[in-house]
Amino acid sequence: MISNIKSSQYAGIKFNGEIGKKIFNDINNLGTVYTVDQKDFNPDLVLHLNQIDSSSKNQKLIIEIKTKNKSDEDVAKDIIKLNYGIEHLNFQFGVFISVNTNFETIIKKLRTIFILENLTKEYLINFNSIYIANYKSRKLDILTLDKILLPNQN
């Protein structure tokens, strides 16, 4: 659908899968107990112009997909990498897609991983740009990470 949009903001934009991204900065663990020590990672999908032009207007989405219930550590590391993509690789949005899991399970997992006392305003700015999408039994649920973690403040 995106490739059929004639808007100039999507000219040359394409999806790539499993494209390598180098990590040049330390990865912020976002107040969790989990760390990402690797020096590169391959997001499941990216929607962008290309690897060379890293301006934010050309870096649309960085996406991680899980097709079954994963451990807290796996989910945390995916969210941490999405945040890195927004913070250092200039992606406009991060998307965590879960398939075949209950959305309430994902919400509980995220609230366990990201402790409110450890969250700063800086984290929450990017959390507004990280979407959590869940698809199960022909139902799609989507919320931003900040709305999941702070439901009464939005």
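**Salt bridges**

Analyst: Lysine 139 and aspartate 141 form a salt bridge, with 3.3 Å between the closest N and O atoms. A salt bridge here is a side-chain nitrogen of Lys or Arg within 4 Å of a carboxyl oxygen of Asp or Glu. This is a predicted model, where local features need pLDDT of at least 70, side-chain atom pairs count only at pLDDT 80 or more, and totals for chains, interfaces and linings use all residues. Residues are numbered from 1 along each chain as its sequence is written, and side-chain values use heavy atoms, with hydrogens and water left out.

User: Is aspartate 141 buried or exposed?

Analyst: Aspartate 141 is buried at 18% relative accessible area, while lysine 139 is partly exposed at 49%. Buried means under 20%, exposed over 50%, and partly exposed in between (1.4 Å probe, protein chains only).

User: How many salt bridges does the structure hold?

Analyst: Four. One of them joins aspartate 78 to lysine 66, closest N and O atoms 2.9 Å apart. That pair links distant parts of the chain, 12 residues apart: aspartate 78 sits in helix H1 (residues 72-88) and lysine 66 in strand E5 (residues 59-66). Helices (H or I, at least four residues) and strands (E, at least two) are DSSP runs, numbered from the N terminus.

User: New topic: which residue does lysine 77 pair with?

Analyst: Glutamate 73, at 3.1 Å, N to O. Both lie in helix H1, four residues apart, about one turn of the helix. Lysine 77 is partly exposed at 24%, and glutamate 73 is partly exposed at 36%.
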